[in-house]
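Below are some notes for a colleague who has not looked at this model before. They are set out as numbered points, to be read beside the structure.

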Amino acid sequence: MAELKRLSLNTATVNQWSLKECIEGCVRHGVPAIDPWRDKLHELGVDTAAKMISDNGLEVSALCRGGMFTGLDDASRQVALDDNRRAVDEAVAIGAQCLVLVVGGLPDGSKDIGEARGQVRDAIGTLLDYSRSCNIPLAIEPLHPMFAADRACVNTLAQANDLCDELGDGVGVAVDAYHVWWDPDLAPEIARAKGRILGFHVCDWLVPTTDLLLDRGMMGDGVIDLPAMRQMVEAAGYHGLIEVEIFSAENWWKRDGDEVMQIVIERFDKVV
Ligand code: ZN
């Protein structure tokens, strides 16, 4: 089904590995692309990582992640914006195709989600002045509504599409199967995102899910119709890299990294 040349390893999938080990693992297993998380990038050092990635001929589907824009006061929102500009710089340095945005939830102590959503819109608008000048597209990733309070108050593709309509060039969406599979408007909203899909992330939704953040399933072990979603994304013009992104503290993160890579590749071929 999905061809290996489209597979990108989101480094969260093998959290047991450093970025250096992830890069070496991709090379060893013939995985052509990677999406590093910034904490691992900083551990290795941006320059060292950039050199290793390019020396090994890996593509970089995205940098994970910018965002977390919301804050109670101007000062804290400014700190967040400054950090996002650094993230854009890092995306340039490693040749990333886009910067993924997890936009932030309610500021501590706030109950005003409308205000938080306004802050997100304003912050992305401000960041765009910089990211456009650096040619780094911003990929808004809607998160499942269970994360609205603490991680992202953009919770549906409709909301992300609305933001893109409002903000114009240089911003698009990342479609993460885990976050949007349940949405009754999934098909029309993916179609509406035509031309602005910047990433497609896959894993699976386990039944039961024992931890909302850290119990994502391997593709094929849950209830998401991944081929159907891939077809929607492709019909909307996205034929780029597909990231495997599995947060799994009690299962996949406890296994041997090479075993995880092998199973990722098998499942990518069979069930994506
Ligand atoms: Zn994702």
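1. C134 sits in the loop between α5 and β6; helices (H or I, at least four residues) and strands (E, at least two) are DSSP runs, numbered from the N terminus. With a relative accessible area of 22%, C134 is partly exposed; buried means under 20% relative accessible area, exposed over 50%, and partly exposed in between (1.4 Å probe, protein chains only). Leaving aside neighbours within four places in sequence, C134 is in contact with V88 and V92, where contact means heavy atoms within 4.5 Å. The C-alpha atoms of C134 and H29 are separated by 32 Å, and the two residues are 105 apart along the chain.

2. A word on the basis of these notes. This is a predicted model, in which local features need pLDDT of at least 70 and side-chain atom pairs count only at pLDDT 80 or more, while totals for chains, interfaces and linings use all residues. Residues are numbered from 1 along each chain as its sequence is written, and side-chain values use heavy atoms, with hydrogens and water left out.

3. Which residues coordinate the zinc ion? They are E141 (OE), D176 (OD), H201 (ND1) and E245 (OE), at 2.0 to 2.4 Å. Donors here are N, O and S atoms within 2.8 Å of the metal (3.2 Å for Na, K and Ca); water is not among the atoms, so sites may look incomplete. Along the chain the donors follow the spacing E-x34-D-x24-H-x43-E. E141 lies in the loop between β6 (138-140) and α6 (157-167) and D176 in strand β7, so this pair ties together parts that are 35 residues apart in sequence. E141 and D176 are both buried.

4. The largest nonpolar core has 83 residues, of which V103, I124, I140 and V175 touch the most other members. A nonpolar core is a set of buried Ala, Val, Leu, Ile, Met, Phe, Trp, Tyr and Cys residues joined through side-chain atoms within 4.5 Å. Helix α5 (residues 113-133) gives the largest share of this core, six residues. Another core, of 10 residues, lies apart from it, and V100, A139, F247 and W253 are among them.

5. In α6, the buried residues are L157, A160, N161, L163, C164 and L167. Seen down the axis of α6, these fall within an arc of 160°, so they line one face of the helix; the arc is that of the directions from the helix axis to the C-beta atoms. Their cover includes α5, β6, β7, α7 and α8. G168 follows α6 and has a positive phi, near 85°.

6. Helix α9 (residues 226-235) has L226, P227, M229, R230, V233 and E234 as its buried residues. They cover an arc of only 160° around the axis, which puts them on the same side of α9. Q231 and A235, on the other side, are exposed. At the start of α9, a side-chain oxygen of D225 comes to within 3.2 Å of the backbone nitrogen of A228. Just after α9, G237 takes a positive phi of about 95°.

7. Is S248 buried or exposed? S248 is buried, with a relative accessible area of 1%, and lies in the loop between β9 and α10. Not counting residues up to four places away in sequence, S248 touches L214, R216 and W253.

How values were computed
A polar contact is a pair of N or O atoms within 3.5 Å; within protein, one must be able to donate a hydrogen and the other to accept it, and residues adjacent in sequence count only if both atoms are side-chain atoms.
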